Amino acid sequence: MNLARFPRRRYTQGPTPMEFLPRLTALLGGPEIWIKRDDFLGFFPGGNKTRKLEFLLADALAQGADALVTCGAVQSNHCRLTLAAARKEGLECHLVIEERVPGSYSHHASGNNFLFNLMGVDSLRVVPGKSDMASEMEVTAAELRRAGKKPYVIPGGGSNALGALGYVACAEEILAQSFEKGAPFDRIFTTSGSAGTHAGLAVGLWGNRSGIPLTGINISRPNSLQVPIVEKLAAETASLLGIEDALPRDLISCEDGYVGEGYSLPTKGMIDAVTLLARTESILLDPVYTGKAFAGMLDLLRQGVCGKGERVLFVHTGGIPALFHYQSYFEGAARTV
Ligand SMILES: *Cc1c(COP(=O)(O)O)cnc(C)c1O
């Protein structure tokens, strides 16, 4: 794979850290748990959207765009990071916010919403849950065109084939670091949402013939809906890279037992996982994505999905600002582990 063929902006200096988690590993009695710190990506507090935006912004600039349009949930990390990239590049940024939980939007909310306001979003329009977000973004883009602007529309989560290249690049970064540290992985775990992260990692690990299985942990959908979304995006990403071979039938594997009642709604496993990692390793997860994914990984490890002598890697995709917005979820957490 030759990623250098694709124009890219750089928003992070060098690779993100990859760390062994000794205290958590000892507490669980194995396997060896490592973490890829993509919460250290650029545009502090960074996250997985930073990697996708490197390719998407390069494309927007090449097309002469002067405004970005994107969409997301009320506490969208993707919207906040797209706005950050727009500010860095001197572009306008227009957001369409989907109120997935009725009544959950407030102009005065904290977390990412506070940062939308602080970074001076150019417009923000709230639409009801289950709206057709592609056509809602097109409404905004058409208005901008009428005003003489050149909008560039980024799909939710930055998850198209171009955005997913960010996680093909991450897979290569993981393989290089694993080699440097002499730490081969037996399995990698990641969050599976709008799927650019999961699809990009899957194509990158497979395209490099790494042989490392990847488990995606769903945060919003059952497998019947999630797996086809990831498979389609993985096929599009491989095709963009010029890979002719058909993807293996079992390349995409998802776990849907950790979503709870739905997107962004708390689960006991999430609260326990966020609390446990904060107290053993001083690493903060978020309640919407990484908390549920980490809870899923811990449960699968306790079920013996990996041998005690194996080594696994969790990809931390960021999301820290939402932790502060959802502080009330943690009020019942005991003061000791
Ligand atoms: C968007 C997001 C995800 C999910 O990644 P996708 O590429 O949309 O599947 C995971 N973690 C965090 C913190 C996110 O903001």
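**Sheet.** I started with the open sheet: six strands in the order E1-E2-E10-E7-E8-E9, with mixed pairing. Strand E1 (18-20) and strand E9 (254-255) sit at the edges with a single partner strand each, so one side of each has no neighbour in the sheet. For my own reference, helices (H or I, at least four residues) and strands (E, at least two) are DSSP runs, numbered from the N terminus. Two strands count as paired if DSSP finds at least two bridges between them. As a reminder, strands of a sheet pair through backbone hydrogen bonds, either parallel or antiparallel.

**Ground rules.** This is a predicted model, where local features need pLDDT of at least 70, side-chain atom pairs count only at pLDDT 80 or more, and totals for chains, interfaces and linings use all residues. Residues are numbered from 1 along each chain as its sequence is written, and side-chain values use heavy atoms, with hydrogens and water left out.

**E7 and E8.** I looked up how E7 is joined to strand E8 (residues 214-218): they run parallel, with five bridges. One pair I noted is Ser192 with Asn218, its bridge partner in E8. H7 packs on the sheet and touches E7, E8, E9 and strand E10 (311-316), and its direction makes about 155° with that of E7. Touching, or contact, means heavy atoms within 4.5 Å. Axes are lines fitted to C-alpha atoms, for helices over the stretch in contact, and angles run from 0 to 180 degrees between N-to-C directions.

**Ligand.** Next I went to the ligand and found 17 residues around it, the closest being Lys49, Lys52, Ser194, Thr197 and Thr317. Here a residue is near if one of its heavy atoms lies within 4 Å. Which side chains reach an oxygen atom of the ligand? I noted Ser194, with a side-chain N or O atom at 2.5 Å from a ligand oxygen. Lys49 has a side-chain N or O atom 2.9 Å from an oxygen atom of the ligand, and a polar side-chain atom of Asn48 also lies 2.9 Å from a ligand oxygen. A polar contact is a pair of N or O atoms within 3.5 Å; within protein, one must be able to donate a hydrogen and the other to accept it, and residues adjacent in sequence count only if both atoms are side-chain atoms. Taken alone the ligand exposes 380 Å², and the protein buries 98% of that. Those areas come from the Shrake-Rupley method with a 1.4 Å probe; for residues, only the protein chains shown count as cover.

**Asp39.** I found Asp39 in the loop between strand E2 (32-37) and helix H2 (48-62). Is Asp39 buried or exposed? Asp39 is buried, at a relative accessible area of 9%; buried means under 20%, exposed over 50%, partly exposed in between (1.4 Å probe, protein chains only). Its side chain makes a polar contact with that of Arg37 at 2.8 Å. Not counting residues up to four places away in sequence, Asp39 touches Gly46, His316 and Gly318.

Most residues other than glycine have a negative phi, and most peptide bonds are trans. I flagged the bond from Gly30 to Pro31 as cis, with omega near -5°; Pro31 is in the loop between helix H1 (22-28) and E2. The bond from Phe44 to Pro45 is cis too, with omega near -10°, and Pro45 is in the loop between E2 and H2. Ala195 has a positive phi of about 90°, in the loop between strand E7 (187-192) and helix H7 (196-207). Ala195 is buried at 3%. Ser282 has phi near 55° and lies in the loop between helix H9 (268-281) and helix H10 (290-302). Ser282 is exposed, at 65%.

**Leu83.** I picked Leu83 in helix H3 (residues 77-89), buried at 0% relative accessibility. Leu83 and Val121 are 38 residues apart along the chain, yet their C-alpha atoms are separated by 6.8 Å. Beyond four places in sequence, Leu83 is in contact with Cys93, Leu115, Phe116, Met119 and Val121.

**Tyr105.** Last, I checked Tyr105, in the loop between strand E4 (92-99) and helix H4 (111-118). Tyr105 is partly exposed at 21% relative accessibility.
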